[in-house]
There are 2 protein chains.
Amino acid sequence: MSQWSKMAKRLSSTYTSKSIPSKSHFHAPIPDNVFPKGYLLNGIHAGVKKKPEVLDLAVILSQKPAAAAACFTRNAFKAAPVVVSQQVLQEGGGRARGIVVNSGCANAVTGSQGMQDAWAMVRATDALHETPASGGLSETLVMSTGVIGQTLPIDKILTGIKSLPPARLGSNFASWERAARAFMTTDTFPKLRARTFTIRGKEYRLAGMDKGAGMIHPDMGPPAPAGQLHATLLGCILTDAPVAPRSLQSALTYAVERSFNSISVDGDMSTNDTIVVLANGAAAEGQPEIDEAKDKEGFEIFREELTSFAAELAQLVVRDGEGATKFVTVSVEGAKSYADAHKIASRISTSALVKTALFGEDANWGRILAATGSVPLSAPLDPTRVNVSFIPADGTAPLALLVNGEPEKVDEARASEIIGQDDLEIRVELGLGNESAKYWTCDFSYEYVRINGDYRT
Amino acid sequence: MSQWSKMAKRLSSTYTSKSIPSKSHFHAPIPDNVFPKGYLLNGIHAGVKKKPEVLDLAVILSQKPAAAAACFTRNAFKAAPVVVSQQVLQEGGGRARGIVVNSGCANAVTGSQGMQDAWAMVRATDALHETPASGGLSETLVMSTGVIGQTLPIDKILTGIKSLPPARLGSNFASWERAARAFMTTDTFPKLRARTFTIRGKEYRLAGMDKGAGMIHPDMGPPAPAGQLHATLLGCILTDAPVAPRSLQSALTYAVERSFNSISVDGDMSTNDTIVVLANGAAAEGQPEIDEAKDKEGFEIFREELTSFAAELAQLVVRDGEGATKFVTVSVEGAKSYADAHKIASRISTSALVKTALFGEDANWGRILAATGSVPLSAPLDPTRVNVSFIPADGTAPLALLVNGEPEKVDEARASEIIGQDDLEIRVELGLGNESAKYWTCDFSYEYVRINGDYRT
């Protein structure tokens with residue numbers, strides 16, 4: 001079909017839609033002193049993306065060796081940077097000093113050239129440190145996001161990395177923000193957050209940035225055992241708390257399951273999903289490391305803090321999901337197991353019918369129920385025990401839609417009022433046990449179809 | 001939000017799209033003598049739907065008791081007609097004389113009232129026969145489709161059924177077509193097919209009708225054991241071949257797995273999915289029944305015929321999928337097991353990113369690959385063995401996109417030519433074994449979002 005007849009075909013009918021409201025209010029300045037100590041970073045335009053003003057390369061260096069942990073996509077087609085970062089982590093025994101990220105090209109399904117390029121990014125970043133690594137091991141984790149199946153413009157990227165020695169990096173808000181901007185692809189705002197927390201009177205800081213927008217339905221796990229080597233949600237979290245590497249991985253795996261692995265924009269799992277955490281201990285010279293084996297209580301405080309921070313970063317990805325006009329929390333309660341609750345929450349969160357009903361602001365609980373019932377569970381559902389309700393985000397009264405498997409006479413005006421809000425919660429109670437899970441999702445709009453029907457054109 | 005501000009919000013941006021071409025050419029007259037003997041049927045407007053000219057009730061009677069089999073949704077929230085039809089089949093030992101179908105209301109999540117109503121439809125249809133059933137058993141299978149959570153206008157339906165004694169039913173094309181029209185909800189054409197087949201020189205006939213459009217991702221199995229009692233793809237297949245009830249169920253279960261359980265419009269499983277088959281033997285008075293235990297070869301001829309016919313009916317549902325502009329066959333070959341191949345084909349067929357790329361006519365094989373790699377399998381994928389290609393429906397040369405895990409230099413003009421066609425096949429070869437599966441799916445369009453964002457309003 002010619003481009004002309006194609007265009008004619010497209011123009012022959014039109015759809016009108018809600019405009020996608022600006023999401024820039026989710027990004028705001030953060031005071032410099034909330035950022036963790038001992039990190040230097042920057043974001044630049046290296047030339048992966050065509051537009052000259054758009055940042056596409058970030059370098060993050062820890063001023064001292066840090067404990068490092070990561071969770072990577074479980075996709076069988078792992079991108080080269082995923083494979084390389086896994087290897088760096090394993091060979092380095094959970095220690096690292098840097099992170100390098102490019103956007104615009106995913107370096108996925110790029111064969112041996114892709115592997116060479118990912119390693120070249122690692123080595124160029126390693127070379128930025130003023131002191132070389134002990135033992136000559138690589139100390140940089142690498143992440144890429146963008147189009148699949150194209151090789152990186154590696155010369156431009158290496159030139160970019162070399163232009164970022166520590167003297168060209170910074171530690172204030174502006175530096176953090178530039179790094180966060182370099183993560184972005186179809187994101188509409190940089191996703192950057194920071195907070196402080198306290199363990200036994202000692203204050204630490206956490207900062208993190210991530211990116212998402214599409215192909216967002218992560219399922220990430222800790223690095224696979226060596227020998228299984230073979231890899232777009234990207235994120236990194238940096239803290240100045242001192243954490244033992246094994247405990248850092250344990251805390252991250254737990255946190256990722258309840259944050260990044262519990263979000264969905266479109267139900268599609270990427271080949272590049274990666275979350276990295278560094279803990280350099282810069283706020284605690286001489287303090288003992290947080291270690292699960294030695295101080296369970298201190299570890300659990302850190303794990304909860306990391307989980308809640310990861311959930312905050314993960315939710316930003318859903319807020320900025322491609323074409324999203326609503327932010328929806330799906331809570332499944334009263335399950336026999338966390339896995340059952342998580343599976344149902346995931347199914348509701350990915351149902352095209354539920355998501356288009358949310359876009360249409362239609363309180364169509366039948367679709368929620370059909371999605372719930374379609375999941376094979378460890379313990380069979382009893383429809384007569386199931387409750388479904390809408391919880392408005394403004395704190396007003398919940399609205400029961402289904403009680404003990406029977407539909408309520410729903411006040412449609414009230415239902416429209418709740419579903420007309422930008423934030424809401426769908427709560428499903430199974431009445432089978434005490435386990436629960438939350439998922440965060442968005443609606444499915446004309447704009448989603450436009451973005452993804454026209455992505456490469 | 002007020003209806004006014006909502007409308008204003010909707011109108012603030014517009015999306016242009018390909019028009020959805022008319023699909024009426026998929027429906028055409030069939031000669032009267034191709035329809036199976038011994039069935040009387042009709043479709044009328046009973047009043048479930050508001051518009052007076054729209055058919056919403058079908059009655060199908062076999063003039064003699066027939067072997068009956070069915071596959072029902074595996075959704076935990078089974079609609080009342082599903083529960084009732086299962087019970088009728090079990091109590092009747094796989095024999096039945098009639099089918100009653102309404103559209104416009106699914107009689108799902110309707111509690112005890114829904115069960116009473118479904119039974120009332122069964123009994124009213126039972127009473128249409130000139131000779132009562134032996135032993136007073138119910139002999140009617142019931143199916144409903146439409147909105148979930150509303151009770152049936154049962155008085156109108158019973159009045160409608162009573163108005164359809166055998167004298168008001170017919171056996172010519174017009175009667176079959178009226179019955180098929182009464183199945184329709186958001187379908188744009190009636191789905192009716194008939195064919196003849198031969199076993200050992202004896203000719204038999206098969207006819208069938210079905211409906212679909214949305215909430216189409218069936219997973220149906222044979223009736224659950226009694227005690228699990230507890231609702232939209234509907235279809236029925238009628239034959240004048242003589243088949244033993246147990247063999248009919250065995251053939252149907254096999255056929256459904258390779259037809260209706262291998263289609264997806266939107267990935268959502270309904271509470272009402274039901275496929276019913278009747279075999280009345282009217283073409284073969286005195287002939288022995290087709291029986292798997294007694295004549296494997298004859299049975300296998302029948303099973304293959306039923307499977308290919310079921311696939312034809314199932315594919316019509318995808319052709320008429322809500323908002324669909326393309327018909328796409330997803331073939332997964334070289335798997336270790338049929339289940340692995342089927343899971344990958346299902347994942348590709350439900351990927352929002354693959355489906356929007358198809359709508360946008362973008363040969364984005366990266367999305368196909370990401371979907372393939374996201375499926376947990378019994379045997380791990382080896383990315384270096386995976387091939388992906390597009391097979392045009394016009395018989396011209398296939399286009400390789402990925403060969404042994406490495407991207408081909410794709411002729412984009414040729415890729416656009418293939419993906420610009422209304423029919424195409426995506427073929428994924430895993431290189432792990434000899435098992436294969438096919439799935440049929442459609443693209444994801446603005447029109448899909450419109451239909452499902454505005455369904456109840």
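Trainee: Which residues line the largest cavity?
Mentor: The lining is made up of Val354(B), Ala357(B), Leu358(B), Asp362(B), Ala363(B), Asn364(B), Ile368(B), Phe390(B), Ile419(B) and Ile426(B). On a 1 Å grid over the protein atoms alone, a cavity is a set of points where a 1.4 Å probe fits but cannot get out, and lining residues have an atom within 4 Å of a point.

Trainee: Before I go on, what kind of model is this?
Mentor: It's a predicted model, where local features need pLDDT of at least 70 and side-chain atom pairs count only at pLDDT 80 or more, while totals for chains, interfaces and linings use all residues. Residues are numbered from 1 along each chain as its sequence is written, chains are lettered from A and ligands numbered from 1 in the order in which they are written, and side-chain values use heavy atoms, with hydrogens and water left out.

Trainee: Okay, how much space lies in the largest cavity?
Mentor: About 50 Å³. That volume is the space filled by probe spheres set on the grid points, which are joined across faces, edges and corners.

Trainee: And which helix gives the most to its lining?
Mentor: Helix H9 (residues 352–359) of chain B, with three residues. Helices here are DSSP runs of H or I with at least four residues, strands are E runs of at least two, and both are numbered from the N terminus.

Trainee: What about the second largest cavity, which residues line that?
Mentor: Val354(A), Ala357(A), Leu358(A), Asp362(A), Asn364(A), Ile368(A), Phe390(A) and Ile419(A). About 40 Å³ of space lies in there, and helix H9 (residues 352–359) of chain A gives the most to the lining, with three residues.

Trainee: Switching topic: where does UniProt place the "active site"?
Mentor: The unreviewed entry puts that feature at Thr232(A). UniProt positions are given in the numbering used here, feature names are shortened, and annotations may be inferred rather than shown by experiment. Thr232(A) is also among the residues that the entry's "binding site" annotation covers, along with Lys211(A) and Glu322(A).

Trainee: Is Thr232(A) buried or exposed?
Mentor: Buried, because its relative accessible area is 7% and buried means under 20%, with exposed over 50% and partly exposed in between (1.4 Å probe, protein chains only). Thr232(A) sits in the loop between strand E8 (220–221) and strand E9 (234–239) of chain A.

Trainee: What does Lys211(A) touch?
Mentor: Not counting residues up to four places away in sequence, the list includes Thr145(A), Asp187(A), Lys191(A) and Thr232(A). Contact means heavy atoms within 4.5 Å. Lys211(A) lies in strand E7 (residues 202–211) of chain A and is buried, at 1% relative accessible area.

Trainee: With which side chain does the Lys211(A) side chain make a polar contact?
Mentor: With that of Thr145(A), at 3.0 Å. A polar contact is a pair of N or O atoms within 3.5 Å; within protein, one must be able to donate a hydrogen and the other to accept it, and residues adjacent in sequence count only if both atoms are side-chain atoms.

Trainee: And where does Glu322(A) lie?
Mentor: In the loop between helix H7 (296–319) and strand E12 (327–335) of chain A. Glu322(A) is buried too, with a relative accessible area of 6%.

How values were computed
On a 1 Å grid over the protein atoms alone, a cavity is a set of points where a 1.4 Å probe fits but cannot get out, and a pocket is an open set with protein on both sides within 12 Å along at least five of seven lines; lining residues have an atom within 4 Å of a point.
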